[in-house]
Protein chains: 2
Amino acid sequence: MRNVAIVGAGMTAFGEHFDLGIKDLIPMAYAECVANVDKGISKSEVQAVWFGELTTTDGSPAAILADTLDLTGIPVTRVENACATGNDAIRNGVLAIASGAYDVVLVVGADKVRETATNATFWEWAGLTRDTAWDYPLGLVAPANFALHVTRYLHESPATKEHMAMVAVKNHFHALNNPKAQLRFEITVEQALVAPIIADPFGLYDCTPQSDGAAAVILAAEDVVDRYTDSPVWVRGVGLGMDRVMHQHKSDMTTFPPTVRAAKAAMSMAGLTPRDVDVAEVHDCFTGVELISYEDLGFASRFEAYKLVEGREHYVGGSIPINPSGGLKAKGHPPGATGVAQCYELFNQLRGEAENQVDGARVGLAHNIGGPTAVSAVTILSSDKS
Amino acid sequence: MRNVAIVGAGMTAFGEHFDLGIKDLIPMAYAECVANVDKGISKSEVQAVWFGELTTTDGSPAAILADTLDLTGIPVTRVENACATGNDAIRNGVLAIASGAYDVVLVVGADKVRETATNATFWEWAGLTRDTAWDYPLGLVAPANFALHVTRYLHESPATKEHMAMVAVKNHFHALNNPKAQLRFEITVEQALVAPIIADPFGLYDCTPQSDGAAAVILAAEDVVDRYTDSPVWVRGVGLGMDRVMHQHKSDMTTFPPTVRAAKAAMSMAGLTPRDVDVAEVHDCFTGVELISYEDLGFASRFEAYKLVEGREHYVGGSIPINPSGGLKAKGHPPGATGVAQCYELFNQLRGEAENQVDGARVGLAHNIGGPTAVSAVTILSSDKS
């Protein structure tokens with residue numbers, strides 16, 4: 001496969017954008033992305049688009065993106081894969097360039113969660129995203145769904161609710177410096193532990209907020225990268241992993257096989273190991289999911305994620321800084337945008353331009369997990385081409 | 001780009017499958033697809049899946065496909081692009097193989113239109129697929145949307161409602177021999193002309209039925225095609241074209257620019273011209289759309305589609321047989337499945353195995369148009385590798 005790099009990235013602030021529609025958020029992310037291409041890029045150089053959109057369900061998303069960005073002359077494909085949508089959209093863009101069909105591809109992720117096309121509430125919408133035969137009768141909307149896993153994880157591992165709280169505290173702390181983050185305030189472990197319960201064992205501060213937002217990256221084939229920047233960020237690996245939908249079919253609730261599969265595929269493609277990763281954006285839709293993911297991604301041994309937390313290794317300055325952006329927990333989580341926004345953060349990290357810069361970061365990993373814990377996408381980026 | 005071929009194809013009957021869910025329809029199409037691989041294929045040889053699904057919105061479609069087919073060990077991406085979903089899913093599968101990442105890819109298209117996850121009626125669902133700011137206030141669900149175009153087309157071209165009726169008569173006639181078709185009965189021009197009006201100028205027989213169904217194809221890289229068949233059908237070209245969403249922004253209502261763009265891209269990739277096409281499956285969601293598409297695809301000159309109809313050139317046996325399967329009009333139209341099912345028909349045609357066989361067919365074209373006439377996908381297949 002020919003090599004592919006990110007040559008520009010941008011994102012909107014994540015938040016409750018009641019005053020902005022998805023047709024506003026997409027151009028905002030695109031404009032910043034283009035402005036961040038060092039040597040400039042004209043719209044006519046973009047040859048195809050992959051668009052990650054999950055929840056907005058407002059008309060024909062691909063056509064709306066093409067129209068909104070005045071890109072009706074090129075193909076636009078919508079990719080949807082639950083909360084793994086963003087990184088799967090990037091994966092599809094990378095494969096398309098690797099095929100030789102295109103040299104320059106735009107990947108956009110966007111969602112409006114705080115208002116939906118149907119004017120349904122978020123939870124009405126969330127209920128409808130569940131399989132009607134398998135999940136819906138069990139009430140397995142996202143918090144309940146992930147709570148089943150984390151309850152068992154807390155039972156089998158030495159990790160406690162305090163460790164979960166320490167993840168929330170860390171992500172809120174990181175978000176303080178991120179002007180794009182939705183929740184820019186510090187919290188304490190004590191505050192997290194006494195917060196109202198959302199779905200046991202998750203209190204309010206264990207949960208990502210509901211967010212609107214958009215993010216965009218421009219991918220370029222190695223043959224043309226020099227036209228756009230002297231500091232590209234190479235896409236070294238992409239991986240997508242699946243699992244069974246029904247929880248009664250999952251053989252072990254304390255690990256997410258989709259993450260293991262996606263990470264294995266991406267690492268194999270990159271020729272790298274978890275030890276090579278300097279910084280990661282991990283899908284912390286719930287704090288306990290970040291803990292389990294440390295293990296699934298190979299950053300910690302089985303049931304030892306809590307050790308990273310106790311050693312503060314997951315902070316910027318630690319051995320494996322996780323979510324320097326603030327993560328889904330504090331930066332926010334518009335599902336289609338989330339994975340693309342993770343790659344925006346890593347683009348800045350690997351160019352040494354991030355707000356919470358990880359010194360000397362050369363390899364970054366972005367991770368999503370979604371649906372009924374049934375899909376995960378992992379992207380591995382590096383300042384080194386190989 | 002390395003060459004890609006279809007080595008197996010299958011589909012369910014299209015119809016009102018009130019007794020079957022999407023979890024039944026997907027395995028049925030997959031089973032027939034696998035059975036049609038001449039030299040056999042084991043599930044473990046499939047390396048990735050692209051899934052086209054538009055309307056069912058039942059949980060996480062990609063995860064449900066992976067679970068239903070017991071393919072949780074490989075990546076599954078859902079592609080959605082309005083009624084162009086099926087052929088865009090094939091396009092994505094082709095690009096993925098061309099990239100070198102995979103040698104064998106499954107593409108499935110499926111939808112349940114007659115029952116939706118929300119238990120909403122079809123038209124409630126159809127309303128929600130419209131952009132809420134741009135289309136919804138205008139009531140532009142599909143028949144109204146396409147009727148605006150065809151009304152103008154009938155005004156500017158010599159074509160009449162009789163020509164539209166003759167398209168319906170032809171597609172019903174072709175469907176008679178197709179055991180998978182939903183509407184297997186002949187109609188007359190007179191019947192069509194006096195049928196109840198759905199959205200002027202479309203009467204009942206100008207409109208596709210609402211359908212449930214699934215279709216599947218297996219794509220293989222040229223390097224491994226011989227393992228599976230000695231009669232592959234090569235994917236010579238894929239194209240995807242977009243347009244503006246709002247009708248007041250369309251400069252000419254008598255042509256569909258997305259089709260022109262998608263066809264140009266696919267023809268260019270294939271190194272072929274419209275004259276090379278021996279048989280085509282054209283997106284006849286409404287009869288007038290089939291007429292306009294003859295011109296957009298290059299089978300007829302501007303405003304001269306009616307001449308093909310009057311000369312019966314669009315029948316099997318004519319110079320450019322269109323929709324030997326019965327088309328959307330009489331075979332049925334489960335949107336996500338439609339494009340994949342078109343390629344199933346062409347797979348059979350180009351191997352000389354179709355029910356309404358076009359003698360000596362070597363090049364076939366599949367065409368979708370969808371959304372607010374804002375997206376089109378075209379796939380060009382051939383029994384010849386180059």
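Visitor: Which residue of S3(B) does Glu80(A) stand opposite?
Guide: In this predicted model, strand S3 (residues 76-80) of chain A pairs with S3(B) in the antiparallel sense, over 3 bridges. Within S3(B), the residue that stands opposite Glu80(A) is Arg78(B).

Visitor: What is the N to O distance in the salt bridge where the side chains of Asp70(B) and Arg244(A) meet?
Guide: The count of salt bridges between chain B and chain A is 6. A salt bridge requires a side-chain nitrogen of Lys or Arg within 4 Å of a carboxyl oxygen of Asp or Glu. The side chains of Asp70(B) and Arg244(A) meet in such a bridge, with an N to O distance of 2.6 Å.

Visitor: Which element supplies the largest share of the side of chain B that touches chain A?
Guide: Between the two chains, 20 residue pairs are in polar contact, both residues being at pLDDT 80 or more. On the side of chain B that touches chain A, at least two residues each come from helix H2 (61-68), strand S3 (76-80), helix H3 (85-98) and strand S8 (233-242). The largest share, 7 residues, is that of H2(B).

Visitor: How many residues of the side of chain B that touches chain A are nonpolar?
Guide: In chain B, 55 residues are in contact with 55 residues of chain A. The residues on this side of chain B divide into 13 charged, 15 polar and, as the remaining class, nonpolar residues numbering 27.

Visitor: What area do chain B and chain A bury between them?
Guide: The size of an interface is often expressed as the accessible area lost when the parts come together. For chain B and chain A, with 52% of the buried area on carbon and sulfur atoms, the value is about 4,200 Å².

Notes. Residues are numbered from 1 along each chain as its sequence is written. Chains are lettered from A and ligands numbered from 1 in the order in which they are written. This is a predicted model: local features need pLDDT of at least 70, side-chain atom pairs count only at pLDDT 80 or more; totals for chains, interfaces and linings use all residues. Side-chain values use heavy atoms; hydrogens and water are left out. Contact means heavy atoms within 4.5 Å. Buried area is the accessible area (1.4 Å probe) that two parts lose on being put together, summed over both. A polar contact is a pair of N or O atoms within 3.5 Å; within protein, one must be able to donate a hydrogen and the other to accept it, and residues adjacent in sequence count only if both atoms are side-chain atoms. Helices (H or I, at least four residues) and strands (E, at least two) are DSSP runs, numbered from the N terminus. Ala, Val, Leu, Ile, Met, Phe, Trp, Tyr, Cys and Pro count as nonpolar, Asp, Glu, Lys and Arg as charged, and the others, Gly among them, as polar. Two strands pair if DSSP finds at least two bridges between them.
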